[in-house]
Amino acid sequence: MPEGAGASGWTRPDLTGGLAGGTLRDILLWPDPRLRQVCQPAGYLTGPELRALAADMLATMYHAGGRGLAAPQIGVMRRVVVMDAGWKDGAPDPQVLCDPEILVRSPQVEAASEACLSIPDRPVVVTRPRTIGLSWYDLDGRAQLRQMEGQPARIAQHEVDHLDGLLIVKD
């Protein structure tokens, strides 16, 4: 396996800004009851704690071959999400979203198969809005606002669901 490759076989991108060198964490697996809990705001963590958590989450996500990971999936009940919609296609764009909130959902919806790192080998077809307006805070505490569509919108919605204790499966 090449240097920097995770268990998935994809080569993770080089990270900067204090996000490199994260520690791999165990991913909680369904039906762990913590996956159904609503998370507390990320703002209760200090800046260094948030950066360390984000670095660990990115390392874990890339190693597992995912495109997104929410903090509760590694047992941290805070509203933090990492995602990178393009890394498997050679266009990495790692993002850390603290306290993300979906502000707008388009009426146009799309059904697609989704996988989840906490529910391995069990893809589920999920219907979601094609476009969303998302707000969050970055690691420096600056408010961010972005319209997302297609794959990034689907990933963000999936991960925000995790923060609210919602999964793609019913138990």
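What follows is a tour of a predicted model, going from the sheet to the helices and then to the side chains.

**Stop 1: the sheet.** Select E1, E2, E3, E6 and E7: that is their order in an open, five-stranded sheet with antiparallel pairing. From one strand to the next, the twist averages 40°. Strand E1 (68–70) and strand E7 (143–149) are at the edges with a single partner strand each, so one side of each has no neighbour in the sheet. Now zoom in on E6 (131–137), which is joined to E7 by seven bridges. Leu-134 is there, standing opposite Arg-146 in E7.

**Stop 2: the helices.** Bring up H1, which lies across E1, E2 and E3 and runs at about 40° to E2.

**Stop 3: the cores.** Show side chains for Met-57, Leu-58, Val-80 and Val-96, the residues with the most contacts inside the largest nonpolar core, which has 20 residues. H1 (47–64), E2 (80–83) and E3 (95–105) each supply at least two of its residues, and H1 gives the most, with seven. Click on Met-57: beyond its close sequence neighbours, its contacts include Leu-69, Ile-74 and Val-82. A second, separate core has 17 residues, among them Ala-70, Val-81, Leu-134 and Val-160.

Stop 4: Finish with Tyr-62 and Trp-87, both buried. Tyr-62 is in H1 and Trp-87 in the loop between E2 and E3, so the pair ties together parts 25 residues apart in sequence.

Conventions. Residues numbered from 1 in each chain as written. Predicted model: local features only at pLDDT ≥ 70, side-chain atom pairs only at ≥ 80, totals over all residues. Heavy atoms only, no water. Core = buried A, V, L, I, M, F, W, Y, C linked by side-chain atoms within 4.5 Å. Buried < 20%, exposed > 50% of the residue type's maximum accessible area, 1.4 Å probe, protein only. Helix = DSSP H or I, 4+ residues; strand = E, 2+ residues; numbered from the N terminus. Contact = heavy atoms within 4.5 Å. Pairing = 2+ DSSP bridges. Axes fitted to C-alpha atoms, helices over the stretch in contact; angles between N-to-C directions. Lists of a residue's contacts leave out its neighbours within four places in sequence.
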